Amino acid sequence: MSAEKMHVEHCKGVNGLDKVILREIRGCSAEVYLYGGQVTSWKNEHGEELLFLSSKTTFKPPKAIRGGIPICFPQFGNNGSLEQHGFARNRFWSVDLDPPPFPSNTSHRAFVDLILRPSEEDVKIWPHRYECRLRVALGPGGDLMLTSRIRNTNTDGKSFTFTFAYHTYFFVTDISEVRVEGLETLDYLDNLKSKERFTEQGDAITFESEVDKVYLSTPTKIAILDHERKRTFVLRKDGLPDAVVWNPWDKKAKAMPDFGDDEYKHMLCVEAACVEKPITLKPGEEWRGRQELSAVPSSYCSGQLDPRRVFCSG
């Protein structure tokens, strides 16, 4: 296999859908489907899957892929007139062969640039022209980086407004043994209580029932600790002030046809998002957001999250 192909391979995935496999020298990898511009797999150097993908997902357009990292654009959730989470996750993206210059780490050789532009059908439901770019990069140490750039290309002088999220599904061993650090004491909107605003209590967030919350003005770094596997996911983000935390629990899981009845035990969505205060772009303006995911052993201390406290586990 050529060095170039070793890092970036274009091939066919489930149901013949186009996908790109990114690989790094130590054996970590990521897979990105052009359908949805969606990362569906992220593996460490031991070949262990770090993202959750439902066994029931069909990979049949126009249905969205259940799991991985769906892109929610131009609308998160039902905050608007479009379909749930907008339409970017069920459109076919293209490989961007001529991306604009990228101020990124040149040591990354495993990356792909994708672009989504509106079809004439899309313009009927959301009457704007845009370029939505996504770079997915796999660092030499296995970190996964997603960078989005959205530009208003309207020629009629009109601004547009959107909300956005990376709807990341983390694979966890047992949801009841997971905790999230970095969101303590913050305000959140509870989607299970008509988006009412509350303040988070307690030390770290743990899970014993359905959760669907939008945390506001969140730090740039959040940790998800999988106690049973002694693994910590670290999510770093930029340009995305909110963080959505979601687990459907048993009743909702049973009601979703593309989700196994017990799969809620093995997943947690922690989503870098911009929901509370939508972004407005004038023609020619560009917005940029990014998230970086890493997985480290939990003996690691996440004291950097809050200089007043040090969390260690392991």
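Q: Before we look at any residue, what do exposed and buried mean here?
A: A residue counts as exposed when its relative accessible area is over 50% and as buried when that area is under 20%, while partly exposed covers what lies in between. Please also keep in mind that this is a predicted model.

Q: OK, so is Phe92 exposed or buried?
A: Phe92 has a relative accessibility of 51%, so it counts as exposed, given that the cut-off for exposed is over 50%.

Q: Switching to rings for a moment, how many aromatic pairs does the structure hold?
A: There are 20 aromatic pairs in the structure. One of them joins Tyr35 and Phe92, whose ring centres are 5.0 Å apart and whose planes are 50 degrees apart, which makes the pair tilted.

Q: Where do Tyr35 and Phe92 lie?
A: Tyr35 lies in the loop between strand S3 (29–33) and S4, and Phe92 lies in the loop between S5 and S6, so the pair ties together parts that are 57 residues apart in sequence. Tyr35 has a relative accessible area of 1%, so it is buried, whereas Phe92 is exposed at 51%.

Q: And Phe164 with Trp287, why is that pair called tilted?
A: The planes of the two rings stand at 55 degrees, with the ring centres of Phe164 and Trp287 5.0 Å apart, so the pair is tilted. This pair also links distant parts of the chain, since Phe164 sits in strand S10 and Trp287 in strand S21 (residues 286–297), 123 residues apart.

Q: Are Phe164 and Trp287 buried or exposed?
A: Phe164 is buried, with a relative accessible area of 0%, and Trp287 is buried too, with a relative accessible area of 10%. Both belong to one aromatic cluster, which also includes Phe73, Phe87, Trp126, Tyr130, Phe160, Phe162 and Tyr166.

Q: New topic: how many salt bridges does the structure hold?
A: The structure holds 22 salt bridges. As background, side chains of opposite charge can pair when their charged atoms come close.

Q: Which residue does Asp122 meet in a salt bridge?
A: The side chain of Asp122 meets that of Arg91, with an N to O distance of 2.7 Å. Asp122 is in helix H2 (residues 120–125), while Arg91 is in the loop between strand S5 (71–72) and strand S6 (94–95), so that distant parts of the chain, 31 residues apart, are linked. Asp122 counts as buried, at 3% relative accessibility.

Q: What about Asp96? Which partner does its side chain meet?
A: Asp96 meets Arg133 in a salt bridge, at 2.7 Å from N to O. Asp96 is in the loop between S6 and strand S7 (110–116), and Arg133 is in strand S8 (residues 130–138), with 37 residues separating the two in the chain. Both residues are buried, and together with Arg117 and Glu131 they are linked in a network of salt bridges.

Q: And Arg288 with Glu286, how far apart are their closest N and O atoms?
A: The closest N and O atoms of that salt bridge are 3.6 Å apart. Here Arg288 counts as partly exposed at 36% relative accessibility, and Glu286 as partly exposed at 30%.

Q: You mentioned S7; why is it described as largely enclosed?
A: Six of the seven residues of S7 are buried, so the strand is largely enclosed by the rest of the structure. S7 runs antiparallel to S6, with two bridges joining them, and Ser94 stands opposite Ile115 in S7. S7 also runs antiparallel to S8, to which it is joined by seven bridges, and Leu116 stands opposite Cys132 in S8.

Q: Which strands make up the open sheet?
A: The open sheet has four strands in the order S1-S2-S3-S4, with antiparallel pairing. Its edge strands are strand S1 (8–12) and strand S4 (38–43), each of which pairs on one side only, and the twist averages 20 degrees from one strand to the next. S1 and strand S2 (residues 18–23) pair over five bridges, with Ile21 in S2 as the bridge partner of Glu9.

Q: Last one: where does Asn154 lie?
A: Asn154 lies in the loop between strand S9 (144–152) and strand S10 (160–166), and it is buried, with a relative accessible area of 7%. Its side chain makes a polar contact with the side chain of His128 at 3.1 Å and also reaches the backbone oxygen of Lys158 at 2.9 Å.

Notes: Residues are numbered from 1 along each chain as its sequence is written. This is a predicted model: local features need pLDDT of at least 70, side-chain atom pairs count only at pLDDT 80 or more; totals for chains, interfaces and linings use all residues. Side-chain values use heavy atoms; hydrogens and water are left out. Buried means under 20% relative accessible area, exposed over 50%, partly exposed in between (1.4 Å probe, protein chains only). A polar contact is a pair of N or O atoms within 3.5 Å; within protein, one must be able to donate a hydrogen and the other to accept it, and residues adjacent in sequence count only if both atoms are side-chain atoms. A salt bridge is a side-chain nitrogen of Lys or Arg within 4 Å of a carboxyl oxygen of Asp or Glu. Two strands pair if DSSP finds at least two bridges between them. Axes are lines fitted to C-alpha atoms, for helices over the stretch in contact, and angles run from 0 to 180 degrees between N-to-C directions. Rings of Phe, Tyr and Trp (its six-membered ring) pair if their centres lie within 6.5 Å; planes under 30 degrees apart count as stacked, over 60 as edge-to-face and the rest as tilted.
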